[in-house]
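Please look over the sequence and the model below before reading on.

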Amino acid sequence: MTFTFVTLFSNLVEGYFNDSILKRAIEKNIFSVKYLNPRDFSLNKHSKVDDTAVGGGAGMVMNPQPLFDALDSLKKEDENVYIVFLTPVAKPFVQNDAKRLSNKSHIAFVSGRYEGIDERVIEKYADEVFSIGDYILTGGELASLVICDAISRNIEGVLGNSDSLTVESFETPLLEAPSFSKPKLYEGLSVPSEYLKGNHSKIRSLKLAMSECKTKFFRPDQLKKHCQGVK
Ligand code: SAM
């Protein structure tokens, strides 16, 4: 699996892969990460990549030429590359997308900057567009990293214990039950007594009740799906 970050600011992305689980996955050759800077493809004598918006409007928009050429070069290198644009003008990215996209061989994330990307680039090259939430970031790099991280942990071998994947929030509509680590008593605060008694069926029932309670409080929309039997 390869992830290519198409960005003007690869240094914002690189550090994330320099530690922890994703660093180890790269060392084990489970996936690799590449960077492509649209500025390197700019035909402008000052390597400009943006201009004022046609038709008026605040701010600068990323020009089509550097991105057309960068993405053409990427497709020439690998015709199977799956191109994902990050933009607030898109459907929200969810866990099922992370699982589905973990089966691709090569994903390129295209980050916008300024007021965004000339729509013709998105029209021509996007296999999919995602938003990571109802707020505006200064650029798509963080959004790319969020999506890349969520996809990566679904690739076989990335997580030490793949069981972690099946019991997490969003595997079913319910949010996960609270977790506790040792010691059992800390500063006068105990873990739920049922967790200590070793009756696994009772622990399961308690966890389900707590999951429902958390989901009702934080995500009533998800609880509704649970009650309707949605997977
Ligand atoms: N003018 C755009 C709008 O109102 O929809 C916002 C542009 S934003 C300042 C610059 C870039 O950040 C976008 O092109 C996109 O790549 C990225 N971005 C910002 N918010 C995002 C979000 N919620 N999800 C995904 N990408 C986002």
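What follows covers confidence, domains, the ligand site, backbone geometry and a few individual residues.

This is a predicted model, in which local features need pLDDT of at least 70, side-chain atom pairs count only at pLDDT 80 or more, and totals for chains, interfaces and linings use all residues. Residues are numbered from 1 along each chain as its sequence is written, and side-chain values use heavy atoms, with hydrogens and water left out.

Start with confidence. pLDDT is the predictor's confidence in each residue, from 0 to 100. The protein chain has a mean pLDDT of 96, and 100% of its residues reach 70 or more. Within the chain, confidence is lowest in α7, at a mean of 74. The highest value belongs to β6, at 99. Helices (H or I, at least four residues) and strands (E, at least two) are DSSP runs, numbered from the N terminus.

Next, the domains. Their bounds come from an automatic or database domain assignment. That assignment gives domain 1 (2-152) and domain 2 (169-230) in the protein chain. The centres of domain 1 and domain 2, taken over C-alpha atoms, are separated by 36 Å.

Now turn to the ligand. Which residues are closest to the ligand? They are Leu86, Gly112, Glu115, Gly133 and Tyr135, out of 19 residues that surround it. A residue counts as near a molecule if one of its heavy atoms lies within 4 Å of it. In the shell around the ligand, ten residues are nonpolar, eight are polar and one is charged. Here Ala, Val, Leu, Ile, Met, Phe, Trp, Tyr, Cys and Pro count as nonpolar, Asp, Glu, Lys and Arg as charged, and the others, Gly among them, as polar. Two strands, β5 (82-92) and β7 (128-131), each supply at least two residues of this shell. β5 gives the most, with four residues.

A polar backbone atom of leucine 86 is 2.7 Å from an oxygen atom of the ligand. Isoleucine 132 places a backbone N or O atom 3.1 Å from a nitrogen atom of the ligand. Glycine 133 has a backbone N or O atom 3.0 Å from a nitrogen atom of the ligand. Taken alone, the ligand exposes 590 Å², and the protein buries 84% of that. Accessible areas come from the Shrake-Rupley method with a 1.4 Å probe; for residues, only the protein chains shown count as cover.

Some backbone geometry deserves a look. Lysine 182 and proline 183 are joined by a cis peptide bond, with omega about 5°. Proline 183 sits in the loop between α7 (163-166) and β8 (185-186). Serine 20 has a positive phi, near 65°, although it is a residue other than glycine. Serine 20 is part of helix α2 (residues 20-27). With a relative accessible area of 41%, serine 20 is partly exposed. Buried means under 20% relative accessible area, exposed means over 50%, and partly exposed is in between (1.4 Å probe, protein chains only). Tyrosine 114 is not a glycine, yet its phi is positive, at about 60°. Tyrosine 114 belongs to the loop between β6 (106-110) and α5 (119-125). Its relative accessible area is 35%, so tyrosine 114 is partly exposed.

Side-chain contacts come next. A polar contact is a pair of N or O atoms within 3.5 Å; within protein, one must be able to donate a hydrogen and the other to accept it, and residues adjacent in sequence count only if both atoms are side-chain atoms. Serine 144 lies in helix α6 (residues 141-152). Its relative accessible area is 0%, so serine 144 is buried. The side chains of serine 144 and serine 111 make a polar contact at 3.2 Å. Asparagine 154 is in the loop between α6 and α7. At 16% relative accessibility, asparagine 154 counts as buried. Its side chain reaches the backbone oxygen of alanine 150 at 2.9 Å.

Finally, consider residues set apart along the chain. Glutamate 128 belongs to strand β7. It counts as buried, at 8% relative accessibility. Glutamate 128 and lysine 91 are 37 residues apart along the chain, and their C-alpha atoms are separated by 9.4 Å. Phenylalanine 68 lies in helix α3 (residues 64-77). Phenylalanine 68 and proline 38 are 30 residues apart along the chain, with 8.7 Å between their C-alpha atoms.
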